[in-house]
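Have the model open as you read.

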Amino acid sequence: MVVLGICGGHDANWCVFKDGKLIGAFEKERFSRIRHDDGYIMDLVDETLAKLGIKPEEVSLIATSEANFRGTDPGLEYIHKNLYDEPDQWTDMQVSFYGRTIPCFAVPHHLCHAAYSYYTSNKEESAVLTWDGGGDFYTTNAYTSTSISYWKNKKLVWFERVGNSDMGSLWHIYSKVIFQNPFAAGKLMGLAAMGNDSLIPEFKKYAMRPVRGCLSPTYSIKNCWPDEDMPLYGTANSWKHNDAANIAYAIQNLTIEAGVGLANKAFEITNSNNLCISGGCALNGYLNTEIIKQTNFKDVVVPPSVHDGGLSIGAVMFTINNILDLFWSIRFWEILL
Ligand SMILES: [Fe+2]
């Protein structure tokens with residue numbers, strides 16, 4: 001049985017499983033040499049299937065993180081599609097893949113993030129937190145940028161969105177202000193090392209809000225997207241600007257405060273010894289370190305490709321284990337090959 005996982009959008013990625021084993025995982029940026037690349041990918045899917053010795057007609061199932069494909073037509077087209085409204089709903093569709101009709105499951109963005117970190121952890125049970133800058137835009141009723149879930153024996157036990165929490169939006173906006181690139185969060189994180197705490201009170205007042213949902217009461221960074229065009233200190237348009245490093249320091253500080261607070265609440269309600277983390281904000285090494293230091297979790301797992309680049313593997317693992325009850329495992333070394 002050959003399963004193709006596929007995810008468009010930025011960090012476009014795809015993966016191939018054969019008879020329960022991951023035989024290839026790819027991200028478009030590694031081919032185009034354009035960081036976070038998106039756009040049409042079916043020519044690359046074609047090329048990599050051939051390199052793996054798989055013919056397109058051997059693919060019998062597709063899993064995706066989107067109920068709307070991007071960058072896949074021609075090659076992969078809808079026959080029949082269902083959209084989902086909530087971040088814990090998934091849906092089955094029929095697609096045409098190189099002229100053949102085959103089943104396809106669409107799994108929401110944050111479920112894919114969560115599935116990716118849980119299944120690659122090989123933990124029997126675990127709490128899972130996901131956080132990024134907005135996730136997908138297809139869960140029409142519930143904008144989700146932060147989630148908590150609990151997984152046991154290769155199954156999702158429960159999943160909740162965390163309302164009023166969007167740490168990635170602040171990183172996106174100030175990467176754009178300071179580096180003119182919304183995907184420069186890594187540079188902003190580095191710049192934080194050169195700053196001081198002078199702007200923390202102002203940024204805290206601006207961005208920290210009480211979360212809604214089961215991790216309440218605690219605080220997180222609000223959804224800052226509405227302020228994208230006119231942010232605080234919007235004139236700090238270079239990393240050499242006087243305020244730039246202090247802005248970065250403040251954002252890093254708020255992210256740690258929010259993330260550690262949410263992780264402590266997650267421990268309180270799940271009582272699990274294990275925490276898996278996923279989503280673009282899980283690339284924040286400072287935050288991950290503080291979660292290890294400042295929470296009671298015995299093991300904190302952050303897999304490689306924890307950003308959107310791991311979504312296609314998450315989509316396949318969720319589909320195989322939760323929907324089809326096939327219970328495949330995955331090992332780190334299989335991903336890293
Ligand atoms: Fe994401």
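His 109 and Asp 308 are both buried, meaning under 20% relative accessible area, with exposed over 50% and partly exposed in between (1.4 Å probe, protein chains only). This is a predicted model, where local features need pLDDT of at least 70, side-chain atom pairs count only at pLDDT 80 or more, and totals for chains, interfaces and linings use all residues. Residues are numbered from 1 along each chain as its sequence is written, and side-chain values use heavy atoms, leaving out hydrogens and water.

His 109 and Asp 308 also belong to the iron site, where the ion is coordinated at 2.1 to 2.3 Å by the atoms tabulated here. Donors are N, O and S atoms within 2.8 Å of the metal (3.2 Å for Na, K and Ca); water is not among the atoms, so sites may look incomplete.

| Donor residue | Donor atom |
|---|---|
| His 109 | NE2 |
| His 113 | NE2 |
| Asp 132 | OD |
| Asp 308 | OD |

Along the sequence, the spacing of these donor residues reads H-x3-H-x18-D-x175-D. His 109 sits in helix α3 (residues 109–121) and Asp 308 in the loop between β14 and α9 (311–323), so the pair ties together parts 199 residues apart in sequence. Helices (H or I, at least four residues) and strands (E, at least two) are DSSP runs, numbered from the N terminus.

Now to helix α8 (residues 285–294), whose buried residues are Leu 287, Asn 288, Glu 290 and Ile 291. Viewed down the axis of α8, these fall within an arc of 165 degrees, so they line one face of the helix; the arc is that of the directions from the helix axis to the C-beta atoms. Exposed Ile 292 and Lys 293 are carried on the face turned away from the buried side of α8.
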